Amino acid sequence: MKNIIQPVKGTREFYPNEMAIRNWIYENIRNVSESFGYSEYDGPFLEPIDLYAAKSGEELVKEQSFVFSDRGGNLVTLRPELTPSLARMVAQKQRQLIYPLRWWSFGPFWRYEKPQKGRAREFFQWNIDLIGSKSPEADAELVAICAEFFKQIGLSPDKVKVFINDRRLMDKKLSELGIDDLLKKNTLKIIDRQDKMNHSTWKMYALDNGLSEEQFIGLTKILINADLYQESDELQTIFSALESLGVQEYVQFDPKIVRGLDYYTGVVFEARDVGKSTRAILGGGRYDDLVKDVGGDPLTGVGFAMGDVVLPIILEQYGLIPDLQVNPTQILVTIFDEDSMQVSITTSAILRREGFSVQTYPEPAKIGKQLKFADRNGVKFALVIGPEEKEQGIVQVKDMKTREQSSVPMEGLVNYIKGKLAE
(Lines give C-alpha, C1' and ligand atoms only; values in the text may rest on other atoms or scores of the structure.)
Protein backbone atom coordinates (compact mmCIF):
# COMPACT_ATOMS: atom_id res chain seq x y z
CA MET A 1 0.00 0.00 0.00
CA LYS A 2 2.99 2.31 0.55
CA ASN A 3 3.53 2.65 -3.20
CA ILE A 4 -0.13 3.34 -4.09
CA ILE A 5 -0.92 7.01 -4.63
CA GLN A 6 -3.63 7.93 -2.14
CA PRO A 7 -6.81 9.86 -3.07
CA VAL A 8 -7.21 13.51 -2.11
CA LYS A 9 -8.29 13.81 1.53
CA GLY A 10 -12.06 13.93 1.93
CA THR A 11 -12.87 12.66 -1.56
CA ARG A 12 -14.80 9.45 -2.14
CA GLU A 13 -14.40 6.33 -4.25
CA PHE A 14 -17.48 4.47 -5.45
CA TYR A 15 -16.79 0.79 -5.98
CA PRO A 16 -19.69 -1.06 -7.69
CA ASN A 17 -21.43 -1.81 -4.35
CA GLU A 18 -21.34 1.86 -3.30
CA MET A 19 -22.28 2.95 -6.80
CA ALA A 20 -25.35 0.71 -6.72
CA ILE A 21 -26.50 2.38 -3.49
CA ARG A 22 -25.88 5.86 -4.92
CA ASN A 23 -27.86 5.00 -8.04
CA TRP A 24 -30.68 3.53 -5.92
CA ILE A 25 -30.87 6.77 -3.91
CA TYR A 26 -30.85 8.75 -7.17
CA GLU A 27 -33.70 6.69 -8.64
CA ASN A 28 -35.82 7.19 -5.52
CA ILE A 29 -35.08 10.92 -5.62
CA ARG A 30 -36.10 11.03 -9.27
CA ASN A 31 -39.32 9.09 -8.61
CA VAL A 32 -40.43 11.33 -5.73
CA SER A 33 -39.44 14.57 -7.48
CA GLU A 34 -41.26 13.67 -10.68
CA SER A 35 -44.33 12.44 -8.78
CA PHE A 36 -44.79 16.06 -7.62
CA GLY A 37 -44.19 17.39 -11.17
CA TYR A 38 -40.62 18.69 -10.79
CA SER A 39 -38.23 18.93 -13.78
CA GLU A 40 -34.54 17.98 -13.60
CA TYR A 41 -31.85 20.63 -14.20
CA ASP A 42 -28.24 21.33 -13.23
CA GLY A 43 -25.79 24.24 -12.94
CA PRO A 44 -22.02 24.71 -13.34
CA PHE A 45 -19.57 22.87 -11.08
CA LEU A 46 -17.35 25.98 -11.03
CA GLU A 47 -18.70 29.35 -9.90
CA PRO A 48 -17.26 32.81 -9.11
CA ILE A 49 -16.84 33.15 -5.35
CA ASP A 50 -18.78 36.43 -5.51
CA LEU A 51 -21.96 34.42 -6.09
CA TYR A 52 -21.78 33.12 -2.51
CA ALA A 53 -20.04 36.03 -0.79
CA ALA A 54 -23.16 38.19 -0.55
CA LYS A 55 -25.75 35.83 0.92
CA SER A 56 -24.50 32.36 1.87
CA GLY A 57 -22.60 33.45 4.98
CA GLU A 58 -18.99 34.07 5.93
CA GLU A 59 -18.37 30.55 7.23
CA LEU A 60 -19.30 28.96 3.91
CA VAL A 61 -17.19 31.38 1.88
CA LYS A 62 -14.12 31.77 4.10
CA GLU A 63 -13.87 28.34 5.73
CA GLN A 64 -15.74 25.75 3.66
CA SER A 65 -15.26 26.67 0.00
CA PHE A 66 -12.50 25.39 -2.28
CA VAL A 67 -11.37 28.77 -3.67
CA PHE A 68 -8.59 29.30 -6.21
CA SER A 69 -7.51 31.68 -8.97
CA ASP A 70 -8.06 30.63 -12.57
CA ARG A 71 -5.48 31.45 -15.27
CA GLY A 72 -7.11 34.85 -15.74
CA GLY A 73 -6.69 35.73 -12.06
CA ASN A 74 -10.40 35.40 -11.21
CA LEU A 75 -11.40 33.83 -7.88
CA VAL A 76 -13.55 30.78 -8.53
CA THR A 77 -14.80 27.93 -6.36
CA LEU A 78 -15.98 24.36 -6.69
CA ARG A 79 -19.65 24.79 -5.92
CA PRO A 80 -20.44 24.29 -2.21
CA GLU A 81 -24.22 24.51 -2.79
CA LEU A 82 -26.67 25.05 -5.67
CA THR A 83 -29.33 27.56 -4.56
CA PRO A 84 -27.34 30.70 -5.57
CA SER A 85 -26.66 29.13 -8.99
CA LEU A 86 -30.36 28.38 -9.33
CA ALA A 87 -31.23 31.99 -8.45
CA ARG A 88 -28.82 33.28 -11.08
CA MET A 89 -30.11 30.84 -13.73
CA VAL A 90 -33.67 32.00 -13.05
CA ALA A 91 -32.64 35.68 -13.13
CA GLN A 92 -30.90 35.18 -16.50
CA LYS A 93 -34.10 33.94 -18.16
CA GLN A 94 -36.63 35.40 -15.76
CA ARG A 95 -39.04 36.70 -18.42
CA GLN A 96 -38.90 33.51 -20.49
CA LEU A 97 -39.74 30.99 -17.76
CA ILE A 98 -43.21 29.79 -16.76
CA TYR A 99 -44.05 30.17 -13.06
CA PRO A 100 -44.22 28.62 -10.62
CA LEU A 101 -41.05 26.67 -11.45
CA ARG A 102 -40.60 23.23 -9.97
CA TRP A 103 -36.98 22.10 -10.49
CA TRP A 104 -34.76 19.40 -8.98
CA SER A 105 -31.15 18.27 -9.35
CA PHE A 106 -28.71 15.64 -8.07
CA GLY A 107 -25.00 16.30 -8.55
CA PRO A 108 -21.55 16.72 -6.98
CA PHE A 109 -20.54 19.44 -4.50
CA TRP A 110 -17.44 20.27 -2.48
CA ARG A 111 -16.86 21.77 0.97
CA TYR A 112 -13.56 22.08 2.81
CA GLU A 113 -14.65 20.46 6.06
CA LYS A 114 -12.98 18.07 8.46
CA PRO A 115 -13.63 14.58 7.04
CA GLN A 116 -15.36 12.26 9.50
CA LYS A 117 -18.11 9.67 9.53
CA GLY A 118 -21.10 11.24 7.81
CA ARG A 119 -19.12 14.19 6.43
CA ALA A 120 -16.84 14.37 3.40
CA ARG A 121 -15.31 17.16 1.34
CA GLU A 122 -16.86 15.74 -1.82
CA PHE A 123 -20.51 14.68 -1.87
CA PHE A 124 -23.59 14.38 -4.04
CA GLN A 125 -26.65 16.41 -3.17
CA TRP A 126 -30.36 16.47 -4.00
CA ASN A 127 -31.65 20.01 -4.52
CA ILE A 128 -35.34 20.69 -5.11
CA ASP A 129 -37.04 24.09 -5.29
CA LEU A 130 -40.37 25.75 -6.03
CA ILE A 131 -39.89 29.26 -7.44
CA GLY A 132 -42.58 31.92 -7.85
CA SER A 133 -45.13 31.21 -5.12
CA LYS A 134 -45.53 33.02 -1.77
CA SER A 135 -48.12 30.63 -0.34
CA PRO A 136 -47.53 28.59 2.83
CA GLU A 137 -48.90 25.65 0.84
CA ALA A 138 -45.77 25.85 -1.35
CA ASP A 139 -43.64 25.50 1.78
CA ALA A 140 -45.80 22.55 2.84
CA GLU A 141 -45.29 20.88 -0.53
CA LEU A 142 -41.51 20.83 -0.09
CA VAL A 143 -41.86 19.36 3.40
CA ALA A 144 -44.26 16.75 2.02
CA ILE A 145 -41.70 15.79 -0.62
CA CYS A 146 -39.21 15.08 2.20
CA ALA A 147 -41.76 12.88 3.96
CA GLU A 148 -42.75 11.01 0.80
CA PHE A 149 -39.09 10.30 0.06
CA PHE A 150 -38.61 8.87 3.54
CA LYS A 151 -41.72 6.72 3.10
CA GLN A 152 -40.44 5.42 -0.23
CA ILE A 153 -37.08 4.28 1.17
CA GLY A 154 -38.56 2.74 4.32
CA LEU A 155 -37.76 5.39 6.95
CA SER A 156 -40.87 5.60 9.14
CA PRO A 157 -41.87 8.59 11.38
CA ASP A 158 -40.43 6.87 14.47
CA LYS A 159 -37.03 6.97 12.74
CA VAL A 160 -37.03 10.40 11.04
CA LYS A 161 -38.84 13.69 11.58
CA VAL A 162 -38.95 16.98 9.69
CA PHE A 163 -38.68 19.84 12.19
CA ILE A 164 -40.18 23.18 11.09
CA ASN A 165 -39.86 26.80 12.22
CA ASP A 166 -40.26 30.29 10.73
CA ARG A 167 -37.56 32.95 10.83
CA ARG A 168 -40.24 35.66 10.74
CA LEU A 169 -41.68 34.31 13.97
CA MET A 170 -38.21 34.18 15.51
CA ASP A 171 -37.49 37.73 14.35
CA LYS A 172 -40.63 38.91 16.13
CA LYS A 173 -39.76 37.05 19.35
CA LEU A 174 -36.15 38.34 19.34
CA SER A 175 -37.43 41.90 18.92
CA GLU A 176 -39.61 41.38 21.99
CA LEU A 177 -36.40 40.54 23.91
CA GLY A 178 -34.90 43.88 22.85
CA ILE A 179 -32.44 42.27 20.43
CA ASP A 180 -31.74 44.77 17.65
CA ASP A 181 -31.28 43.98 13.95
CA LEU A 182 -27.50 44.06 14.23
CA LEU A 183 -27.50 41.44 17.00
CA LYS A 184 -30.21 39.23 15.44
CA LYS A 185 -27.81 37.74 12.90
CA ASN A 186 -25.50 36.66 15.71
CA THR A 187 -28.45 35.35 17.70
CA LEU A 188 -29.55 33.08 14.85
CA LYS A 189 -26.05 31.59 14.84
CA ILE A 190 -26.28 31.17 18.62
CA ILE A 191 -29.56 29.26 18.23
CA ASP A 192 -28.15 27.16 15.38
CA ARG A 193 -25.25 26.02 17.58
CA GLN A 194 -27.23 25.08 20.67
CA ASP A 195 -27.27 21.34 19.86
CA LYS A 196 -23.52 21.38 19.16
CA MET A 197 -22.52 22.47 22.70
CA ASN A 198 -23.34 21.61 26.30
CA HIS A 199 -25.52 24.18 28.07
CA SER A 200 -22.78 26.03 29.98
CA THR A 201 -20.54 26.30 26.90
CA TRP A 202 -23.48 27.44 24.81
CA LYS A 203 -24.41 30.08 27.42
CA MET A 204 -20.85 31.41 27.42
CA TYR A 205 -20.90 31.48 23.61
CA ALA A 206 -24.19 33.44 23.66
CA LEU A 207 -22.95 36.01 26.17
CA ASP A 208 -19.65 36.39 24.30
CA ASN A 209 -21.63 37.11 21.13
CA GLY A 210 -23.63 39.99 22.52
CA LEU A 211 -26.61 38.68 24.49
CA SER A 212 -27.26 39.98 27.98
CA GLU A 213 -28.06 37.58 30.82
CA GLU A 214 -31.73 38.62 30.67
CA GLN A 215 -31.88 38.15 26.90
CA PHE A 216 -30.26 34.73 27.21
CA ILE A 217 -32.89 33.62 29.76
CA GLY A 218 -35.65 34.91 27.47
CA LEU A 219 -34.13 33.09 24.50
CA THR A 220 -34.01 29.75 26.34
CA LYS A 221 -37.71 30.10 27.18
CA ILE A 222 -38.53 30.72 23.51
CA LEU A 223 -36.55 27.65 22.43
CA ILE A 224 -38.50 25.26 24.70
CA ASN A 225 -41.95 26.62 23.81
CA ALA A 226 -43.54 23.82 21.74
CA ASP A 227 -46.73 25.87 21.23
CA LEU A 228 -45.02 28.96 19.85
CA TYR A 229 -46.12 28.10 16.27
CA GLN A 230 -49.65 29.10 17.23
CA GLU A 231 -48.49 32.73 17.03
CA SER A 232 -47.75 32.23 13.31
CA ASP A 233 -50.58 32.11 10.78
CA GLU A 234 -48.13 30.77 8.17
CA LEU A 235 -47.05 27.85 10.32
CA GLN A 236 -50.62 26.95 11.23
CA THR A 237 -51.53 26.95 7.52
CA ILE A 238 -48.50 24.76 6.74
CA PHE A 239 -49.39 22.18 9.39
CA SER A 240 -52.97 22.10 8.13
CA ALA A 241 -51.75 21.55 4.55
CA LEU A 242 -49.39 18.79 5.67
CA GLU A 243 -52.31 17.03 7.32
CA SER A 244 -54.23 17.24 4.04
CA LEU A 245 -51.17 15.83 2.25
CA GLY A 246 -51.19 12.87 4.61
CA VAL A 247 -47.70 13.33 6.07
CA GLN A 248 -48.46 15.03 9.39
CA GLU A 249 -46.88 12.15 11.35
CA TYR A 250 -43.49 13.08 9.88
CA VAL A 251 -43.50 16.76 10.92
CA GLN A 252 -43.02 18.66 14.16
CA PHE A 253 -42.57 22.29 15.18
CA ASP A 254 -39.19 23.14 16.69
CA PRO A 255 -38.20 26.75 17.53
CA LYS A 256 -34.50 25.73 17.57
CA ILE A 257 -34.49 25.24 13.78
CA VAL A 258 -33.20 28.45 12.17
CA ARG A 259 -30.68 27.09 9.59
CA GLY A 260 -27.24 28.63 9.16
CA LEU A 261 -27.40 30.19 5.70
CA ASP A 262 -28.04 33.92 5.58
CA TYR A 263 -30.46 33.95 2.65
CA TYR A 264 -33.41 32.26 4.40
CA THR A 265 -36.27 34.71 4.95
CA GLY A 266 -39.21 32.68 6.27
CA VAL A 267 -40.06 29.05 6.94
CA VAL A 268 -37.06 26.80 7.60
CA PHE A 269 -37.01 23.04 8.15
CA GLU A 270 -34.61 20.22 8.86
CA ALA A 271 -35.01 16.44 8.80
CA ARG A 272 -33.25 14.39 11.47
CA ASP A 273 -32.81 10.81 12.52
CA VAL A 274 -34.75 10.72 15.81
CA GLY A 275 -34.42 7.02 16.48
CA LYS A 276 -30.68 6.54 17.01
CA SER A 277 -28.04 9.00 15.86
CA THR A 278 -29.94 12.35 15.82
CA ARG A 279 -28.02 13.20 12.65
CA ALA A 280 -29.35 15.88 10.31
CA ILE A 281 -30.36 14.41 6.94
CA LEU A 282 -31.55 17.45 4.97
CA GLY A 283 -32.45 21.09 5.40
CA GLY A 284 -34.10 23.94 3.58
CA GLY A 285 -36.49 26.84 3.72
CA ARG A 286 -37.88 29.96 2.07
CA TYR A 287 -35.59 32.50 0.36
CA ASP A 288 -37.61 35.41 -1.00
CA ASP A 289 -34.74 37.78 -1.83
CA LEU A 290 -32.11 35.59 -3.49
CA VAL A 291 -33.14 36.08 -7.14
CA LYS A 292 -33.15 39.85 -6.56
CA ASP A 293 -29.75 39.65 -4.84
CA VAL A 294 -28.13 38.07 -7.91
CA GLY A 295 -29.50 40.77 -10.23
CA GLY A 296 -33.01 39.62 -11.09
CA ASP A 297 -36.43 41.04 -10.27
CA PRO A 298 -37.89 40.05 -6.87
CA LEU A 299 -39.09 36.44 -6.99
CA THR A 300 -39.98 34.11 -4.13
CA GLY A 301 -38.56 30.64 -3.63
CA VAL A 302 -38.55 27.68 -1.28
CA GLY A 303 -36.46 24.51 -1.41
CA PHE A 304 -34.21 22.05 0.37
CA ALA A 305 -30.99 20.11 -0.12
CA MET A 306 -29.98 16.60 0.99
CA GLY A 307 -26.45 15.23 0.79
CA ASP A 308 -25.76 11.56 0.08
CA VAL A 309 -23.20 10.89 2.87
CA VAL A 310 -25.39 10.64 5.98
CA LEU A 311 -28.38 8.86 4.43
CA PRO A 312 -26.67 5.49 3.74
CA ILE A 313 -25.33 5.47 7.32
CA ILE A 314 -28.86 5.91 8.68
CA LEU A 315 -30.33 3.32 6.32
CA GLU A 316 -27.64 0.84 7.32
CA GLN A 317 -28.22 1.32 11.06
CA TYR A 318 -31.90 0.45 10.53
CA GLY A 319 -31.16 -2.46 8.18
CA LEU A 320 -32.82 -0.67 5.26
CA ILE A 321 -30.06 -0.93 2.63
CA PRO A 322 -31.72 -3.04 -0.10
CA ASP A 323 -30.11 -6.10 -1.65
CA LEU A 324 -29.08 -4.47 -4.91
CA GLN A 325 -27.94 -6.13 -8.12
CA VAL A 326 -24.41 -4.80 -8.50
CA ASN A 327 -23.51 -6.69 -11.68
CA PRO A 328 -26.13 -6.20 -14.41
CA THR A 329 -25.06 -9.32 -16.34
CA GLN A 330 -27.91 -11.77 -16.95
CA ILE A 331 -25.97 -14.20 -19.13
CA LEU A 332 -22.37 -15.35 -19.30
CA VAL A 333 -21.35 -17.03 -22.55
CA THR A 334 -18.38 -19.24 -21.77
CA ILE A 335 -15.45 -19.91 -24.10
CA PHE A 336 -14.89 -23.65 -24.35
CA ASP A 337 -11.77 -23.49 -26.54
CA GLU A 338 -10.20 -21.47 -29.35
CA ASP A 339 -12.32 -23.23 -31.99
CA SER A 340 -15.54 -22.31 -30.13
CA MET A 341 -14.55 -18.66 -29.62
CA GLN A 342 -16.28 -17.31 -32.73
CA VAL A 343 -19.64 -19.02 -32.18
CA SER A 344 -19.65 -17.88 -28.53
CA ILE A 345 -18.97 -14.26 -29.50
CA THR A 346 -21.68 -14.42 -32.21
CA THR A 347 -24.18 -15.87 -29.72
CA SER A 348 -23.39 -13.07 -27.28
CA ALA A 349 -24.06 -10.45 -29.95
CA ILE A 350 -27.39 -12.04 -30.89
CA LEU A 351 -28.54 -12.12 -27.27
CA ARG A 352 -27.41 -8.55 -26.70
CA ARG A 353 -29.44 -7.33 -29.68
CA GLU A 354 -32.47 -9.01 -28.11
CA GLY A 355 -32.06 -6.78 -25.04
CA PHE A 356 -30.20 -9.10 -22.66
CA SER A 357 -27.19 -8.01 -20.62
CA VAL A 358 -24.45 -10.40 -21.73
CA GLN A 359 -20.80 -10.97 -20.90
CA THR A 360 -18.50 -13.17 -22.94
CA TYR A 361 -15.66 -14.72 -20.97
CA PRO A 362 -12.57 -13.06 -22.48
CA GLU A 363 -10.53 -16.22 -23.16
CA PRO A 364 -10.68 -20.01 -23.11
CA ALA A 365 -10.47 -21.44 -19.59
CA LYS A 366 -11.68 -24.42 -17.60
CA ILE A 367 -15.48 -24.43 -17.62
CA GLY A 368 -15.49 -24.84 -13.83
CA LYS A 369 -13.52 -21.62 -13.45
CA GLN A 370 -15.91 -19.77 -15.76
CA LEU A 371 -18.99 -21.09 -13.93
CA LYS A 372 -17.46 -20.03 -10.61
CA PHE A 373 -16.94 -16.55 -12.07
CA ALA A 374 -20.63 -16.46 -13.11
CA ASP A 375 -21.77 -17.62 -9.68
CA ARG A 376 -19.68 -15.08 -7.75
CA ASN A 377 -20.98 -12.25 -9.94
CA GLY A 378 -24.66 -13.13 -9.55
CA VAL A 379 -25.13 -14.07 -13.22
CA LYS A 380 -28.45 -15.83 -13.87
CA PHE A 381 -27.47 -18.11 -16.75
CA ALA A 382 -24.21 -19.53 -18.08
CA LEU A 383 -24.05 -20.83 -21.66
CA VAL A 384 -21.65 -23.52 -22.81
CA ILE A 385 -21.00 -24.14 -26.52
CA GLY A 386 -18.39 -26.86 -26.95
CA PRO A 387 -17.48 -28.88 -30.06
CA GLU A 388 -20.46 -31.26 -29.68
CA GLU A 389 -22.94 -28.41 -29.10
CA LYS A 390 -21.51 -26.52 -32.05
CA GLU A 391 -21.91 -29.57 -34.30
CA GLN A 392 -25.47 -30.28 -33.14
CA GLY A 393 -26.58 -26.60 -33.18
CA ILE A 394 -27.48 -26.56 -29.49
CA VAL A 395 -26.45 -24.63 -26.37
CA GLN A 396 -26.09 -25.92 -22.82
CA VAL A 397 -27.92 -23.43 -20.58
CA LYS A 398 -27.09 -23.65 -16.87
CA ASP A 399 -29.41 -21.91 -14.41
CA MET A 400 -26.95 -20.61 -11.81
CA LYS A 401 -29.60 -20.42 -9.10
CA THR A 402 -31.24 -23.83 -9.43
CA ARG A 403 -28.13 -25.54 -10.89
CA GLU A 404 -30.34 -27.12 -13.57
CA GLN A 405 -28.84 -27.54 -17.03
CA SER A 406 -30.80 -27.82 -20.28
CA SER A 407 -29.86 -28.49 -23.90
CA VAL A 408 -31.55 -25.80 -26.00
CA PRO A 409 -31.58 -25.53 -29.81
CA MET A 410 -29.73 -22.42 -30.95
CA GLU A 411 -32.76 -21.12 -32.86
CA GLY A 412 -34.93 -21.37 -29.73
CA LEU A 413 -32.38 -19.89 -27.30
CA VAL A 414 -33.82 -16.36 -27.12
CA ASN A 415 -37.38 -17.52 -26.41
CA TYR A 416 -36.14 -20.07 -23.89
CA ILE A 417 -34.24 -17.48 -21.83
CA LYS A 418 -37.12 -14.98 -22.07
CA GLY A 419 -39.43 -17.67 -20.71
CA LYS A 420 -37.07 -18.53 -17.85
CA LEU A 421 -36.68 -14.87 -16.87
CA ALA A 422 -40.47 -14.47 -16.85
CA GLU A 423 -40.98 -17.36 -14.41
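Buried means under 20% relative accessible area, exposed over 50%, and partly exposed in between, taken with a 1.4 Å probe on protein chains only. By that scale Glu 249, at 34% relative accessibility, counts as partly exposed. The structure is a predicted model, in which local features need pLDDT of at least 70 and side-chain atom pairs count only at pLDDT 80 or more, while totals for chains, interfaces and linings use all residues. Residues are numbered from 1 along each chain as its sequence is written, and side-chain values use heavy atoms, with hydrogens and water left out. Helices (H or I, at least four residues) and strands (E, at least two) are DSSP runs, numbered from the N terminus. Contact means heavy atoms within 4.5 Å.

**Nonpolar cores**

- A nonpolar core is a set of buried Ala, Val, Leu, Ile, Met, Phe, Trp, Tyr and Cys residues joined through side-chain atoms within 4.5 Å.
- The largest such core has 67 residues, of which Trp 126, Phe 150, Ile 164, Leu 242 and Phe 269 touch the most other members.
- Helix α5 gives this core its largest share, 10 residues.
- Phe 150 is in contact with Leu 155, Val 160, Val 162, Tyr 250, Ala 271, Ile 281 and Leu 282, leaving aside neighbours within four places in sequence.
- Another core, of 24 residues, lies apart from it and includes Leu 86, Val 90, Ala 120 and Phe 163.

**Helices α1 and α5**

- Axes are lines fitted to C-alpha atoms, for helices over the stretch in contact, and angles run from 0 to 180 degrees between N-to-C directions.
- The axes of α1 and α5 come within 10 Å and cross at roughly 135°.
- Angles under 35 degrees count as roughly parallel, over 145 as roughly antiparallel, 65 to 115 as roughly perpendicular and the rest as oblique; α1 and α5 are therefore oblique to each other.
- Their crossing is right-handed; the term applies if the near helix is turned clockwise from the far one by less than a right angle, and left-handed applies if anticlockwise.
- From α1, Ile 25, Asn 28, Ile 29, Asn 31 and Val 32 meet Ile 145, Glu 148, Phe 149 and Gln 152 of α5.
- By class, the contact of α1 with α5 has five nonpolar, three polar and one charged residues.
- In these classes Ala, Val, Leu, Ile, Met, Phe, Trp, Tyr, Cys and Pro count as nonpolar, Asp, Glu, Lys and Arg as charged, and the others, Gly among them, as polar.
- Ala 144 is found in α5 and is buried, with a relative accessible area of 1%.
- Not counting residues up to four places away in sequence, Ala 144 touches Phe 36, Leu 242, Leu 245 and Val 247.
- Ala 144 and Phe 36 are 108 residues apart in sequence, with a C-alpha to C-alpha separation of 9.7 Å.

**Helices α6 and α7**

- The axes of α6 and α7 (residues 181-192) come within 11 Å and cross at roughly 115°.
- That angle makes α6 roughly perpendicular to α7.
- Here too a right-handed crossing is found, with α6 passing α7.
- Arg 167, Met 170, Asp 171, Leu 174 and Ser 175 of α6 make the contact with Lys 184, Thr 187, Leu 188 and Ile 191 of α7.
- This contact of α6 with α7 has four nonpolar, two polar and three charged residues.
- Lys 173 has its place in α6 (residues 167-176) and is buried, with a relative accessible area of 12%.
- Beyond residues up to four places away in sequence, Lys 173 touches Ile 222, Leu 228 and Glu 231.

**Helix α12**

- Six of the eight residues of α12 (residues 310-317) are buried, and the helix is mostly covered.
- The buried residues are Val 310, Leu 311, Pro 312, Ile 313, Ile 314 and Leu 315.
- They pack against α1 (16-35), α5 (136-152), β9 (267-273), β10 (280-286) and β11 (301-307).

**Loops and backbone features**

- Glu 249 lies in the loop between α10 (233-244) and β8 (251-253).
- Apart from neighbours within four places in sequence, Glu 249 is in contact with Lys 151, Pro 157 and Lys 161.
- Tyr 99 and Pro 100 are joined by a cis peptide bond, with omega about 0°.
- Pro 100 is found in the loop between α4 (83-92) and β5 (101-110).
- Arg 403 is not a glycine, yet has a positive phi of about 70°.
- Arg 403 sits in the loop between β15 (394-399) and β16 (405-409) and, at 43% relative accessibility, counts as partly exposed.
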